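Please keep the sequence and the 3D view at hand while reading.

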Amino acid sequence: KGPSRHGYQPCQLCFQELASCCRSLAAHPQQEVALLDRSPGCPLSSGCNVENAVYPLGNCAERAAIQKAISEGHKDFKAIVISSNLQDDFISPCGACRQVMREFGTDWAVYMTKPDGTYVVKSVQELLPASFGPDDLQKIQ
Ligand SMILES: [Zn+2]
């Protein structure tokens, strides 16, 4: 626990919200996330896995939360907290979710938690180095 290695420092209010999200989400059996926006008051979105009997049509909690936030007018994210019922490992976002996170910048924080409330935090840049993003589209002739 503590400040992230890449220098991201959540404000005290955000940190309390993140910690409380970690605790509450960890009590749930599914993978769930909380997403913090940079705008005043630290709006918070959340999401859970959306399973489907046709497996490929399901959606990860990370993307559910991001899509929900976008639909509510937020896109300037500063942190996402991911939790699951994995006891011995910090839950890590899949490659598809990393790419979706990257669409909204490379310098925001991804908190990967365990049910006991401990976590590791990395930036989107650290999770998806040498990435392709919206800026790169402009370079294509
Ligand atoms: Zn995913």
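Two residues are in contact if their C-beta atoms, placed from the backbone, lie within 7 Å. Among contacts in the protein chain between residues at least 6 apart in sequence, 58% join residues at least 24 apart. The model is predicted, and local features need a pLDDT of at least 70, side-chain atom pairs count only at pLDDT 80 or more, and totals for chains, interfaces and linings use all residues. Residues are numbered from 1 along each chain as its sequence is written.

The pLDDT, which is the predictor's confidence in each residue on a scale from 0 to 100, averages 79 over the protein chain, and 74% of the residues score at least 70. Over residues 1–8 the pLDDT is below 50, and this stretch has 10 contacts in the model beyond near neighbours in sequence. Where pLDDT is low, the predicted coordinates should not be read in detail.

Helices (H or I, at least four residues) and strands (E, at least two) are DSSP runs, numbered from the N terminus. The protein chain has 5 helices and 5 strands, and from the N terminus on these elements follow the order α-β-β-α-β-α-β-β-α-α.

Strands are said to pair if DSSP finds at least two bridges between them. An open sheet of 5 strands runs in the order S2-S1-S3-S4-S5, with mixed pairing. Its edge strands are S2 and S5 (119–123), each of which pairs on one side only. Neighbouring strands of this sheet are turned by 20 degrees against each other on average, direction ignored, where axes are lines fitted to C-alpha atoms, for helices over the stretch in contact, and angles run from 0 to 180 degrees between N-to-C directions. Two of the pairings are set out below.

| Strands | Sense | Bridges | Facing residues |
|---|---|---|---|
| S1 (residues 32–37) and S2 | antiparallel | 5 bridges | Leu 36 and Leu 44 |

A residue is buried if 20 or more other C-beta atoms lie within 10 Å of its own, exposed if 12 or fewer, and partly exposed in between, with C-beta atoms placed from the backbone. Buried residues make up 30% of the 141 residues in the protein chain.

Not counting residues up to four places away in sequence, Arg 63 touches Cys 97 and Val 100. By the same rule Ala 65 touches several residues, including Val 33, Ser 45 and Ile 80.

A nonpolar core is a set of buried Ala, Val, Leu, Ile, Met, Phe, Trp, Tyr and Cys residues joined through C-beta atoms within 7 Å. The largest one has 27 residues, and among those with the most contacts inside it are Val 33, Ala 65 and Ile 82. Two or more residues come from each of S1, H2, S3, helix H3 (95–102), strand S4 (109–113) and S5.

Ala 130, in the loop between helix H4 (124–127) and helix H5 (134–139), has a positive phi of about 50 degrees although it is not a glycine. Ala 130 is exposed, with 5 other C-beta atoms within 10 Å.
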